[in-house]
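Welcome, and please open the model in your viewer. We will go from one selection to the next, and at each stop you will hear what is there.

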Amino acid sequence: MTDPFETVIEETTGRAKVSTRPRATFFKAVSAVVWKDLQAEFRSRELFSAMLVFSLLIILIFNFALELDIKTRQSVTAGVLWATFAFAGTLGLNRSMAIEKDRGCMDGLLLAPVDRSAIYFGKVISNLAFMLIVELIVLPVYSVLYNTNLFQPGLLLVILLGSIGYVGVGTLLSAMAVQTRTRDILLPILLFPVVIPVLLAAVKASSGFLTGADISEVMLPINLLIAYDIIFIAVAFMVFDSVVEE
Amino acid sequence: MESKPLTLKILDVVAILVLIAATYMALNAPTERVMGEVQKVFYFHIGTAWTALLGFILAGLFSVVYLVTKDLKWDRYQVAAIEVSLVFFLITIVLGSIWARPAWNTWWTWDPRLTTAAVTELIYVAYFMLRQGIDDPDRRARFGAVYALVGGLSAPITFFAIRLFRTIHPVVIGGSNAEAEGGFSMSADMRTAFFFALFAFTIIFIDLFWNRIRLGDLQDKVEQLKLKVTM
């Protein structure tokens, strides 16, 4: 069986060689990686379904662990949501890199004559896509189950910014974690202490929006999220080469 | 096998002497009026905290130098710095808890400094878990450098993020916090003991750091010799 993903990459890079503008090649390479991930996921649906079921189970567990009655719900909704996203996120990040490693696709990707950071950005975008889709399903389910409206533009913005930071660091660390002996258990241990600023700011901003706090109170954590996203994606962009280098 | 350099031997002895001297000075410094004897923990608390932070900052710098030069020497420096700092920072946290029990009436509170300290410890424990899972020395060094860099950047951001909440940790040097509990001002004798403790722990840190680097070098040599034998 020929690998359908490899052809996609080769086609793209083949076209890219003809193109004279380097920026266009970079974006083409990124979109090729994203496209391959989305298509593979669309065919197997293993990653997405695992993440979704897992997040629903986490909400269920929180329901029993915290006795989510009307009073507690108000104060803990933001925390429950972000804990759910964080746990389900590691599942997806780990799997998305493990697939590359297991089937030897990573070597294929690395052989492609494109900038290595294109692989990083491609992976970030596809991981982000999976995470956002799961979040977009969890939100209405949570809204229905607990009778609170979570579809507020402010909250959606916080979820987007928080997911970008989480996935940005997570993709870099999962690329390292899958290359170790203890790869199945290592990612959360590496990732959680480093993304604490994201979770902290995201929970603070989310609960601010949910309780209808003053906009000035919410701006501080949002600015922090933006700063974190920029800093860590820039760092990951610079060091990703040394993570995948063989 | 080469023997220990003379300078390092002398430094070993000096480190022990300054530790004894710092202990003596801390015990003989005037007792603080409100908190009493437990305040003496403060001298070693700041001493270990300062050197641990120094080590973590050094480790971050070694990360960058390693990633640029790819010289394994810098990786050994980094491991040495983080290992010593991890222990020193744990001592800081334990000493802080001992002080906090009578001063704040609790062993632990989720104050920015305390939380950041706990998160920083966890980051560097994760650092060693990451290294443990990798056999290839080059890859181990690369991953270690990347993680130390990411962790080293994240720790200060965590600190500022938690600063969004209030703090009760006293600021004894430079600046004051109206909500701090257990703050005090130092007398001249206390100041001498304090600065001597800082000096003493810096010497101890340099000594341990150097010893650990030497150990790393020897470890490296043993591994190379083993490879030669098996080949």
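Two residues count as being in contact if their C-beta atoms, placed from the backbone, lie within 7 Å. Keep in mind that this is a predicted model.

Start by selecting the contact between the two chains: 26 residues of chain A and 24 residues of chain B take part. Which helices of chain B each supply at least two residues to the side that touches chain A? Colour α4 (112-132) and α5 (137-162) of chain B, and you have them. Of the elements on this side, α5(B) gives the most, with 14 residues. Now colour the side of chain B that touches chain A by residue type: 18 residues are nonpolar, four are polar and two are charged.

Next, show chain B by itself. Its secondary structure is six helices and zero strands, so the trace reads α-α-α-α-α-α along the sequence. Along its principal axes, the C-alpha trace of chain B spans about 70 × 45 × 25 Å. Of the 231 residues in chain B, 35% count as buried. Among contacts in chain B with a separation of 6 or more, 74% join residues 24 or more positions apart.

Move on to helix α2 (residues 41-69) of chain B. Its 29 residues reach 42 Å from first C-alpha to last, close to the 42 Å expected at 1.5 Å a residue. Step just past α2(B) to B:K70, which takes a positive phi of about 60°.

Last stop: select B:V79, in helix α3 (residues 72-104) of chain B. Is B:V79 buried or exposed? B:V79 is buried, because 24 other C-beta atoms lie within 10 Å. Finally, draw a distance from B:V79 to B:A193, 114 residues apart along the chain: their C-alpha atoms are separated by 31 Å.

Conventions. Residues numbered from 1 in each chain as written. Chains lettered and ligands numbered in written order. Predicted model: local features only at pLDDT ≥ 70, side-chain atom pairs only at ≥ 80, totals over all residues. Helix = DSSP H or I, 4+ residues; strand = E, 2+ residues; numbered from the N terminus. Nonpolar A, V, L, I, M, F, W, Y, C, P; charged D, E, K, R; others polar. Buried ≥ 20, exposed ≤ 12 C-beta atoms within 10 Å, placed from the backbone. Expected span 1.5 Å × (residues − 1).
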